[in-house]
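Subject: Structure handover

Hello,

Here is the structure I promised to pass on. Please open it first, then read the notes below.

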Amino acid sequence: MALRRCWRFAGVVPRLVWKSTVLPGASVPRGRSFVSSTVNTPPGCKTTELLVRRFSSGTPTTDVSYEELKQRLAGRKSVVIDVREPWELREYGFIPGSINVPLGQVNTALQLVPEEFKEKYGGEMPQQTDSVVFTCLAGVRSKKALDAATSLGYNAAQHYPGGWQDWVKNEQHK
């Protein structure tokens, strides 16, 4: 309890602190990157060795902008999957070149054989190494589809967070 109070005053953000101690020279399991450091603490608090998680700035982004999506569609560099329901596409419209796979079917659809996928959804099934971009109305369902695809091994999958709303807004300005 007293140590927690000392950390708060030392300015250490609790979620950055690993809650166990590691002796100097010990290995960190599973290759995770941590920094071992000593924190300057206020008078009356013990100096403790802490492990602070190092955050990488080189993490690939999963978001695709309107301009990027437009370029990918023009160059056929990505498979674009719209995860809205079919009635939404009929009522509001859709991004030309996208394939409609409703969110509730994404997990199953990405596990079909390519012939079944093409027959059911009318487009080529993406391979796990292909660039896949998920889209929806405003980016909520596409994020869920992205998570499902990533769990199935689609490591190059991304999503268009602006969705149909952003697409229409940008298309109207042209």
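Helices (H or I, at least four residues) and strands (E, at least two) are DSSP runs, numbered from the N terminus. This is a predicted model, where local features need pLDDT of at least 70, side-chain atom pairs count only at pLDDT 80 or more, and totals for chains, interfaces and linings use all residues. Residues are numbered from 1 along each chain as its sequence is written, and side-chain values use heavy atoms, with hydrogens and water left out.

**Overview**

The chain has 7 helices and 7 strands. Read from the N terminus, the order is α-β-β-β-α-β-α-β-α-α-β-α-β-α. The chain holds 174 residues, and 34% of them count as buried. Buried means under 20% relative accessible area, exposed means over 50%, and partly exposed is in between (1.4 Å probe, protein chains only). The accessible surface is about 11400 Å², with 53% of that belonging to carbon and sulfur atoms. Such areas come from the Shrake-Rupley method with a 1.4 Å probe; for residues, only the protein chains shown count as cover.

Contact means heavy atoms within 4.5 Å. Take the contacts between residues at least 6 apart in sequence: 56% of them join residues at least 24 apart.

Two strands pair if DSSP finds at least two bridges between them. Strand 6 (residues 132-135) and strand 7 are joined by 3 bridges, in the parallel sense. Within this pairing, Val133 stands opposite Gln158 of strand 7.

**Ser142**

Where does Ser142 sit? Its place is in helix 6 (residues 140-151). Ser142 has a relative accessible area of 0%, so it is buried. Its side chain makes a polar contact of 2.9 Å with the side chain of His159. A polar contact is a pair of N or O atoms within 3.5 Å; within protein, one must be able to donate a hydrogen and the other to accept it, and residues adjacent in sequence count only if both atoms are side-chain atoms. A polar atom of the Ser142 side chain also lies 3.3 Å from the backbone oxygen of Gly139. Leaving aside neighbours within four places in sequence, Ser142 is in contact with Val83, Phe134, Thr135, Cys136, His159 and Tyr160.

**Salt bridges**

How many salt bridges does a search of the whole structure find? It finds 6. The criterion is a side-chain nitrogen of Lys or Arg within 4 Å of a carboxyl oxygen of Asp or Glu.

Three of them are worth a look:

- Asp82 with Arg84: the closest N and O atoms are 2.8 Å apart. Asp82 is buried, at 1% relative accessibility. Arg84 is buried too, at 0%.
- Lys118 with Glu124: the closest N and O atoms are 2.6 Å apart. Lys118 is partly exposed, at 44% relative accessibility.
- Lys143 with Asp147: the N to O distance is 3.2 Å. The two are 4 residues apart in helix 6, so about one helical turn separates them. Lys143 is partly exposed at 36%, and Asp147 is partly exposed at 43%.

**Aromatic pairs**

The whole structure has 3 aromatic pairs. Rings of Phe, Tyr and Trp (its six-membered ring) pair if their centres lie within 6.5 Å; planes under 30 degrees apart count as stacked, over 60 as edge-to-face and the rest as tilted.

One of the pairs is Trp87 with Tyr92, which is tilted, at 6.4 Å centre to centre and 55 degrees between the planes. Trp87 is partly exposed, at 45% relative accessibility. Tyr92 is partly exposed as well, at 42%.

Another is Phe117 with Tyr121: the ring centres are 5.1 Å apart and the planes at 50 degrees, so this pair is tilted. Both residues lie in helix 5 (residues 114-121), 4 residues apart, about one turn of the helix. Phe117 and Tyr121 are both buried.

**A loop residue**

Last, see Arg76. It lies in the loop between helix 2 (66-75) and strand 4 (79-82). Arg76 is not a glycine, yet its phi is positive, at about 50 degrees. Its relative accessibility is 76%, so Arg76 counts as exposed.

Best wishes
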